[in-house]
Each structure stands twice: as structure tokens, then as C-alpha cells.
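Trainee: I'd like to learn how to read a ligand site and a couple of sheets. Can we walk through one together?

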Amino acid sequence: MITKDIVIIGTGFSGMGMAMKLRAAGRDDFVVIEKAHDVGGTWRDNTYPGCECDIPSHMYSFSYELNTDWSKSFSGQREIHEYMRTVADEQGIRPYIDFGVEVTGASWDESRQRWTIRTTGGDDYEARFVVAGVGGLHIPNVPEITGAETFAGPRFHSAQWDHSVDLSGKKVVVIGTGASAIQFIPIIAEQVEQLTVFQRTPAWVLPKKDKPTPEWRKQAFAKVPGAQRAYRNALYWGLEARAIAFNGHLNVLPFAEKIVKRHMEKAIPDPALRAKLTPDYRLGCKRVLQSNTYYPTFLRDNVELSTDGVREITADGVIDGNGVLHEADVIIYGTGFHVVDAFDYLDIKGRGGVDLAAQFREGGVETYMGMMINGFPNLAFMLGPNTALGHNSVVFMIEQQTKFIIRLLDEMDGLGAAAAEPTLQAQTAFNEEIQRLVEKGIWTQGGCTSWYLDSHGKNRTIWPKFTFQYWWETRKVDQLAFAWEQAA
Ligand code: NAP
């Protein structure tokens, strides 16, 4: 058993950010558990061709680790991963990380006021406080399709890209047209003999204003004090403005929808093809995508768009809803992740042995500030329920959460508390406010279903306000919102 004051799970932006802030606060008695052998989280795992960020890099990075050298506006996976590796080295957090250890579950021991964290590939851990930085988008959703196991060739998910499979000259079927798929489809279309894309719901795809960073700008960022910070601030407010439309002012949307329609008209002269690619729900209801190469891909002779549904997979390919076989040597799932049901994959037992996944299933996913849960003392989730964003950088949210957790630890020390958990009253008030707001937002009003919504149609994913409001609400720990428990 390894004993530490604090255990952090994961080394994505969340886990790394928490580790860096703990060190900066002089709290060195912590360990970070990482299942893989490198830092990076989603930016280590998603290696599919064309993987890049759809939030500008100067904003999608730590505010206290600015990088003057981003090569373009929206950096690719390799560059972001390299940034994270460099930051981990520069901030000296690698020695705190136990690599190759996977967490299987955690239980709160009430009498000892400690968490036991069970793992495979290493010892178990004991800690006063646990911070879960496991992210919401890490459990691939591979749909159960009749006959999939009989398929003769390789099939894999975009987040588990099989780089040993050479796609050149092959017949490839892609299922799904979400954020990941629209990035790799244009690239593999150039390599394969034939590509069939199965689209269930068309996405709104805006033009991507991606440009290489000019050398003078990199120099200015490096040499002119405040220049990069000012640029970042301008990006922040530009992105923040998008929340106005999504959070309830739906009358702003037709303007953006027109931009996409014009983008489509330019790229796709054929009205029938354009109709197939045009969404019948409001922009923003699902995550808005950006690409300059996605729509033109469907003009290629070797690319076919199928909107007839997937009925079955056979040894030779995919049979659509009309019974037509689309031959395939390789099938690629661009079908997203388990998001609202991600907690079903965690085995966390709180006070009285209560199972977190069961509590969420039966009572709904309710947290305080998207981080902490009544009945689960000294446990904080980063980017937990209702703190993901569709309009700005989640790294901003992560930074507010790391600061809040440090403040909570300080408060516990000040009060001599061994354990802290949000009161049910504070948690309920937080959720009622969130649910009142999401119901007015585009995700509920926009006429679509999405992975933002749970099986009851409730949005358990998105933060429905401006992000500066999250900063404001988490800037202090409200003592009355917590039950503080003295040492047993
Ligand atoms: P996604 O956006 O959830 O897209 C999944 C796609 O698969 C959708 O088109 C969905 O159709 C389709 N699908 C799912 N199950 C299906 C089934 N049984 N049969 C047919 N089609 C099915 O997933 P993703 O593309 O992996 O992206 C997930 C999230 O990761 C993004 O929204 C984003 O937050 C993040 N991401 C970010 C970036 C970035 O640039 N920062 C890049 C990639 C991913 P329906 O729409 O009909 O459900």
C-alpha cells in the first residue's frame, strides 16, 4: 500500500494542471497515477490522421505555461502532445507520476477518513483526498452491429487507430461523421481506393480559420511584454461571445447557419448531395465542427456518402438499411465516446458503501460545481458533469477547478477538518440552477439528440453559462456549502 496525502488520477490537462498547482502551493505529498507510459491523456491517445484541436492553441494551453511557438492557429495532436510533455518536464512533475498503473476502483473508509484506491499493475494506494482527472472522452463507443465479429478485415475505433493497417488501395467504410471523423475522412480519402461514409446525422461544419503562425508574431510574443497575453485575452473574449447564442439567445444563430450554408454551396454544387449533408436541427445543438476539407471530400470519385443506415456487417463489408452491400477491407468507427454513462465504468464507493454509478443512475447525475458529490467526501472530479464546453477552451475550466481544489484543501486545514463534502442542499441548488439554464439552451431547444444528453434527455455535460461565471462561482469556497468533518 502506498500512502499519500493526495492521489490524482490521469495525466491529461486536468491531472497535469492539478499536479502543477499542488506543487506551486507547496503540497508535495501527492502521486499521479497514469495507466499509460506517457503524459497527455486524450492528446496522447488520439493519433488518428488529421487529429487537431478545434479551439485555438493560444487559448487551449495553460495560462501559466504560454507557448510562443505554436505553428498554426489550431495545432495538431503531435504538437499539443509535445507541448504537454515539455510542460511536464519543465514543471518537474514526472517524478510524481506512477506510469503503467491503472485504477480499478476506490472506496471511502469512514472510520479512517481515507480513500483506498485499487489498481492493476501496481500497489494499491491510500489517500486523504482524490482528484479524478480521467476526462469525459476516453471510453470509445463501438456500436454493437449485427455480424461485426464476422468481418474479415481489420476494424478499429478512431481513438484506437491501428497504424499497422495500410489503407492505401483499400476499400474502407467509416461509420460516424462527428468531430473526429470529419478530421480523418479528408486525409484517408486521398489514400484509399474506395471510401464509404455512413452518416446518421449531418453535422454543422463551419469553415476553419486556420493559418500558419507568421514568424513575426512568434517573435513579438517572445519579445514584447504582454503581447501574447493580450492575444490570448482577445481569443478568450471572441470564443466567449459564442456562448451568447448557445445559452439561450437563439436568434443570433441564423447568421452562423448562413455562413455554413454558403460554405456548403461553394464546396458542393450538387443540390442532392448538399441536401444530404444539411442538418435539420439548429447550429450548436450538437458540437459545431470546423473544416475546410470535409465537404469537398465528397466530390471525389472514390468517396460515397451513405445515409441509409447501417443494418449489418458481414465478412465482406457493411449492409445498409436498403440491403445494399458496401464492400470493405477495413471498417473505421468514428462513433465517439461513452460520455453521460462514463461513470458506469468507475467503481467508486462513498459513505456507507454507496456506489457512485448506481447513485447517478437512480438519482440522476448531480454534483456540486461539477466537481464534488454529497456522500463522497474528499473526492473531486475535474471536467465533471456540466463543466464541459462547446464554445471555449476547457483548459480554462480545468484551471478554475485546480484553484478551487487548492482553496478547499486550505480551508480544510484552516478548519482542522479531516473530510469535506458538499451538503445535499448546496448540491441540489447548484443542479436546479444548471438544469433551469440548460433547458433554455440550444442543446435542448435545437431539435437534436446528442451525447450531451442522458437517457432522460437531460443535459449532464455542458456548462450553460459564460466561463467567467464559473471563475466567479469557484473563486471562493463557500463554507456553508460544505459539511466539514473533524478527525475521527
Ligand atoms: P462524436 O462527435 O460523438 O461523433 C460520433 C459520430 O458517430 C456521430 O456522427 C454519430 O452520429 C455517429 N454514431 C454514433 N453511434 C452510431 C451508430 N450506432 N451508428 C451510426 N453512427 C453512429 O464523436 P467524436 O467525433 O469522436 O468526437 C467526440 C468529441 O471529442 C467531440 O465532440 C469533441 O468534444 C471531442 N473532439 C474534439 C476535437 C477537437 O478538435 N478538439 C476533435 C475530435 C474530437 P449521431 O450524430 O447521429 O449520433
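Predicted model: local features only at pLDDT ≥ 70, side-chain atom pairs only at ≥ 80, totals over all residues.

Trainee: How many residues surround the ligand, and which are the closest?

Mentor: The shell holds 23 residues, and the closest are Glu 52, Asp 54, Ser 180, Thr 201 and Lys 286.

Trainee: Which domains does the shell draw on?

Mentor: Check where the shell residues fall along the chain. Here domain 1 (2-139 + 338-486) and domain 2 (140-203 + 286-336) each contribute at least three residues to the shell.

Trainee: How much of the ligand does the protein bury?

Mentor: Compare the ligand alone with the ligand in place. Alone it exposes 910 Å², and the protein buries 84% of that.

Trainee: On to sheets. What is the strand order in the open sheet of five strands?

Mentor: The order is E7-E16-E8-E9-E12, and the pairing is parallel. Strand E7 (155-157) and strand E12 (303-306) are the edges, each pairing on one side only. From one strand to the next, the twist averages 20°.

Trainee: Can we zoom in on one pair there?

Mentor: Take strand E8 (residues 171-175) and strand E9 (residues 194-198): they run parallel and are joined by five bridges. Within that pair, Ile 175 stands opposite Phe 198 of E9.

Trainee: In the sheet with strands E13 and E15, why is one side of each left without a neighbour?

Mentor: That open sheet has three strands, ordered E13-E14-E15, with antiparallel pairing. Strand E13 (310-314) and strand E15 (325-327) stand at its edges with a single partner strand each, so one side of each has no neighbour in the sheet. Ignoring direction, neighbouring strands of this sheet are turned by 25° against each other on average.

Trainee: And how many bridges join E14 to E15?

Mentor: Three bridges link strand E14 (residues 317-320) with E15, and the two run antiparallel. Gly 317, for instance, has Glu 327 in E15 as its bridge partner.

Terms used: Residues numbered from 1 in each chain as written. Heavy atoms only, no water. Near = heavy atom within 4 Å. Areas by Shrake-Rupley, 256 points an atom, 1.4 Å probe, with all protein chains shown as cover. Domains from an automatic or database assignment. Pairing = 2+ DSSP bridges. Helix = DSSP H or I, 4+ residues; strand = E, 2+ residues; numbered from the N terminus. Axes fitted to C-alpha atoms, helices over the stretch in contact; angles between N-to-C directions.
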